[in-house]
Amino acid sequence: MYLPGSSTRTLTLQKLPETEDQPNAFFRTDRLVVGRQAGTVFCLEAGAGVAAADFTLTYDPGILRCVSVTAAEGLVEKGGMVVINDNFDSGTIRFSYINMEAYDAEDLPLVRIVWEPLQSPQEHYEITSDAV
């Protein structure tokens, strides 16, 4: 259809390369001793500026047994909330985090994980994280 005074323009579309941007995060872990439960708090670093993310933490269930995963103390007071997938005992912990204010004034604890180590504390324990 042609309208008086209209014009045609050619647009060039480019697909930008996909980037994977993961927030700065870290674990605060109690000493792991076989036969005793110990806690880990998964935190976002101050300045991460994350408003929402889905996290996947992986671990070796032959070395560590995950007893529980709960929202970390202080998260709600800083405007955040987490939804935790209840299937966390098979080597994968999944949870979603949201905070409309993207709180980043200081380190922000997200979840507290309680472990029961199944092997000697001299062994190397590896817990990895991924965020989308």
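## Contacts of L110

Leaving out residues up to four places away in sequence, L110 touches F42, C43, L44, F55, T70, A71, A72, L75, V82, F95 and Y97. Contact means heavy atoms within 4.5 Å.

## Basis

The model is predicted: local features need pLDDT of at least 70, side-chain atom pairs count only at pLDDT 80 or more, and totals for chains, interfaces and linings use all residues. Residues are numbered from 1 along each chain as its sequence is written, and side-chain values use heavy atoms, with hydrogens and water left out.

## Nonpolar core

The largest nonpolar core holds 24 residues. Such a core is a set of buried Ala, Val, Leu, Ile, Met, Phe, Trp, Tyr and Cys residues joined through side-chain atoms within 4.5 Å. I93, F95, Y97 and L110 have the most contacts inside this core. Two or more residues each come from strand 2 (38–44), strand 3 (52–58), strand 4 (64–71), strand 6 (92–98) and strand 7 (108–117). Strand 7 gives the most, with five residues. Strands are DSSP runs (E, at least two residues), numbered from the N terminus.

Side chains alternate along strand 3. A53, F55 and L57 point to one face and are buried; buried means under 20% relative accessible area (1.4 Å probe, protein chains only).

Strand 3 pairs with strand 6 in the antiparallel sense, over seven bridges. Pairing requires at least two DSSP bridges between two strands. T58 has T92 of strand 6 as its bridge partner. T92 counts as buried because its relative accessibility is 17%. Beyond its neighbours within four places in sequence, T92 contacts T56, L57, T58, Y59 and N87.

How values were computed. Buried < 20%, exposed > 50% of the residue type's maximum accessible area, 1.4 Å probe, protein only. Helix = DSSP H or I, 4+ residues; strand = E, 2+ residues; numbered from the N terminus.
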